[in-house]
Amino acid sequence: VIYFEAAKKHSIVRLKKTDYLSDTCYEASRSLSDYVAQIENPAFFRTHKSYFVNMRCIKKINNSVITLSNGEKVEISRRRSAEFNEAYNRFLRTLVI
């Protein structure tokens, strides 16, 4: 999973394209809040009210915009910016250890 995106009362799940998956975007009947509550993985962070991002798929961060491994761009809300920076730094430290 690259990210989850809110879409009214359901979600869009964006997956990494593989040899086995031709379509990498699926619509799910669950809300984004359901995924946030269920996934207790420190590699995921809710960057915005509409996005729950897998930090393993971050390619670049420029101010308040994240470029993901598939080239898509996702915003970091001003309200969540400091918390995101802390979470991303913690995540990066786990990769080094």
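**Strands, fold and surface**

Modeller: Gladly, and keep in mind that this is a predicted model. Strand β1 (residues 3-7) and strand β2 (residues 10-14) pair in the antiparallel sense, with 5 bridges between them.

Biologist: In the hairpin of β1 and β2, which residue takes a positive phi?

Modeller: The hairpin leaves 2 residues between its strands. Within the pairing, A6 stands opposite S11 in β2. The residue with a positive phi, near 60°, is K8.

Biologist: And in β5, what is the bridge partner of F4?

Modeller: β1 also runs antiparallel to strand β5 (residues 51-54), joined to it by 3 bridges. In β5, the residue that partners F4 is F52.

Biologist: What pattern does the protein chain follow along the sequence?

Modeller: The chain has 2 helices and 8 strands. Read along the sequence, their order is β-β-β-α-β-β-β-β-β-α.

Biologist: How does the radius of gyration compare with what the globule rule gives for 97 residues?

Modeller: The C-alpha trace spans about 30 × 30 × 25 Å along its principal axes, and 38% of the 97 residues count as buried. The globule rule gives 13 Å for 97 residues, and the chain comes close to that, so it is as compact as a globular protein of that length; its radius of gyration is 13 Å.

Definitions and conventions
Residues are numbered from 1 along each chain as its sequence is written. This is a predicted model: local features need pLDDT of at least 70, side-chain atom pairs count only at pLDDT 80 or more; totals for chains, interfaces and linings use all residues. Side-chain values use heavy atoms; hydrogens and water are left out. Two strands pair if DSSP finds at least two bridges between them. Helices (H or I, at least four residues) and strands (E, at least two) are DSSP runs, numbered from the N terminus. The radius of gyration is taken over C-alpha atoms; the globule rule is 2.2 Å times the number of residues to the power 0.38. Buried means under 20% relative accessible area, exposed over 50%, partly exposed in between (1.4 Å probe, protein chains only).
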